[in-house]
Amino acid sequence: MKPRAVTTFLALLPGVPVSVEDLNAEAWTVYGQRQLNHGYMPPVPERLEWTPWEGAGPGTEILGDVTDQRVLDIGSGPGHHAVHLARTHDAQVTAVELSFTQHQRAIDTHAGTPGVHFVHGDVMDYLRTAQPFDAAYAIGSLAFTDPHRSLPALRDGLRPGAPLILSLLHTDLHGRGPSTTVAPREQMIVLRDDPPLPTQMWVLAPQLWEDLLTDHGFRVEAIDLLRPSDENNPVVQQLIRARRLPNRPARISSRPRTTRPPVPHAAIGVGAILLSDQGVLLGRHRRGTLELPGGTVEAGESLEATVIRELAEETGLIARPDDVALLGTLVDHVGDVVRVTVGAIVSAWQGQPVTQPDESVGDWAWYPLDRLPHGLFVCSAQILTAWRPDLPINHTPAHFTPYA
């Protein structure tokens with residue numbers, strides 16, 4: 001890691017390349033200096049706030065009982081969250097901050113706080129020699145570091161079973177949704193009337209974060225999307241709850257039979273039942289059938305993730321993994337193609353269903369169960385009768401295997 005003074009000097013030289021993470025470190029150093037100039041320090045909160053909006057989402061409790069536990073604050077900024085954990089929950093917090101000026105803000109105000117150890121440095125470098133922590137969290141900060149560098153260090157720096165809680169951007173200030181590739185994008189840090197500071201952030205889709213965490217030895221337990229109360233604010237935060245998996249024993253190998261891909265012979269999709277006081281949600285396909293929200297499972301995607309993705313893409317509704325319950329599997333065939341359809345019930349969602357551009361299904365409406373329309377798509381009809389066998393719907397037969 002370059003000393004900050006050297007990095008600052010290099011950043012000022014035209015034509016000298018500066019890494020993404022050095023650029024971000026410089027931005028936060030300038031930001032911290034501006035806050036020092038303004039004399040501003042955030043108050044110690046009454047609970048951990050995972051978003052810029054007070055009271056949005058859960059609080060400190062999602063870290064579990066941290067009494068006398070060694071907790072890592074990743075990118076701790078002015079240190080107010082670390083102080084809260086130490087004072088209110090008797091945690092032993094190590095607050096690591098790369099920006100010297102942000103670190104200076106923390107020690108100017110909170111140096112000597114029992115239970116808090118403030119460290120100026122790169123958290124990945126720090127974890128190489130530190131004893132494994134019992135828990136870790138990052139409020140907005142981990143998005144400024146390449147996950148291929150940060151996640152292996154966090155895996156090695158946490159004991160098996162330790163929680164890792166991450167608050168990250170989902171939709172940015174410009175209303176742009178998350179990326180489906182592991183690449184940074186430009187974001188601006190805005191403070192009062194000061195000039196905006198350009199940074200590079202990894203604003204990634206929840207499924208991509210889940211894949212990255214899984215690949216690096218974590219199990220993702222939940223991903224929540226959190227929104228401000230101001231409807232005109234386009235920013236959405238995602239809150240990821242993960243847990244460090246136990247160290248894996250030596251793995252037994254496996255290999256494909258041949259380098260040739262298998263012959264395509266099956267199609268698998270999902271259909272989601274959303275039931276409100278007005279009835280069940282159906283949309284009209286451009287070919288005329290009425291059907292449940294749903295679609296084809298993508299490679300490497302869980303069935304619950306497919307339900308959530310298709311629901312958002314087709315209707316604009318947002319659901320969480322905990323809101324999705326899988327009903328079971330329906331198997332039939334169309335010609336020589338085996339068709340597998342998985343039905344699901346979505347118990348809660350956010351928003352109102354709206355026709356989405358470039359989608360083949362739209363005109364979403366709620367239909368009472370005793371007045372369902374004619375012309376249902378056969379897979380939707382199969383799901384509905386698997387769910388409610390009393391519904392008077394005709395369709396081709398399918399073998400249904402319910403899930404426990």
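These are my notebook entries from a first look around this structure.

**Entry 1: the whole chain**

I started by reminding myself that this is a predicted model. Then I looked up the overall make-up: the protein chain has 9 helices and 18 strands. I checked its extent too, and the C-alpha trace spans about 75 × 50 × 50 Å along its principal axes. Of the 404 residues in the protein chain, 48% are buried. I also looked at contacts with a separation of 6 or more, and 65% of them join residues 24 or more positions apart.

**Entry 2: the annotated span**

UniProt lists residues 263-390 as "domain: Nudix hydrolase", and I noted that the entry is unreviewed. What is the helix and strand content of residues 263-390? I found 18% helix and 39% strand there. The end C-alpha atoms of that span lie 38 Å apart.

**Entry 3: H2 against H4**

Next I went to helix H2, residues 20-38, and helix H4, residues 100-110. Their axes come within 6 Å and cross at roughly 40 degrees. On the H2 side I listed Trp28, Thr29, Tyr31, Gly32, Gln33, Gln35 and Leu36. They meet Phe100, Thr101, Gln102, Gln104, Arg105 and Asp108 in H4. Sorted by class, the contact of H2 with H4 has 4 nonpolar, 7 polar and 2 charged residues.

**Entry 4: asparagine 24**

While I was in helix H2 I stopped at asparagine 24, which lies in that helix. Is asparagine 24 buried or exposed? It counts as buried, because its relative accessibility is 2% and the cut-off for buried is under 20%. I set aside its neighbours within four places in sequence and found asparagine 24 in contact with Phe144, Thr199 and Gln200.

**Entry 5: threonine 145**

Threonine 145 sits in the loop between strand S4 (135-139) and H6. I put threonine 145 down as buried, since its relative accessibility is 13%. Which residues does threonine 145 touch, not counting those up to four places away in sequence? I wrote down Glu21, Met124, Ser150 and Trp202. I also checked threonine 145 against proline 228, which is 83 residues apart from it along the chain, and their C-alpha atoms are separated by 25 Å.

**Entry 6: H6 against H7**

H6 brings Pro147, His148 and Leu151 to the contact, and H7 brings Trp209, Leu212 and Leu213. By class I got 5 nonpolar residues, 1 polar and no charged.

**Entry 7: two aspartates with positive phi**

Last, I looked at backbone angles. Aspartate 90 has phi near 55 degrees, a positive value in a residue other than glycine. Its place is in the loop between helix H3 (80-89) and strand S2 (92-97). With a relative accessible area of 43%, aspartate 90 is partly exposed.

Aspartate 358 also went on the list, with phi near 70 degrees, a positive value in a residue other than glycine. Where is aspartate 358? I found it in the loop between strand S16 (337-346) and strand S17 (361-367). Aspartate 358 is exposed, because its relative accessible area is 79% and exposed means over 50%.

Technical notes: Residues numbered from 1 in each chain as written. Predicted model: local features only at pLDDT ≥ 70, side-chain atom pairs only at ≥ 80, totals over all residues. Heavy atoms only, no water. Contact = heavy atoms within 4.5 Å. Helix = DSSP H or I, 4+ residues; strand = E, 2+ residues; numbered from the N terminus. Nonpolar A, V, L, I, M, F, W, Y, C, P; charged D, E, K, R; others polar. UniProt positions renumbered as here; feature names shortened; annotations may be inferred. Axes fitted to C-alpha atoms, helices over the stretch in contact; angles between N-to-C directions. Buried < 20%, exposed > 50% of the residue type's maximum accessible area, 1.4 Å probe, protein only.
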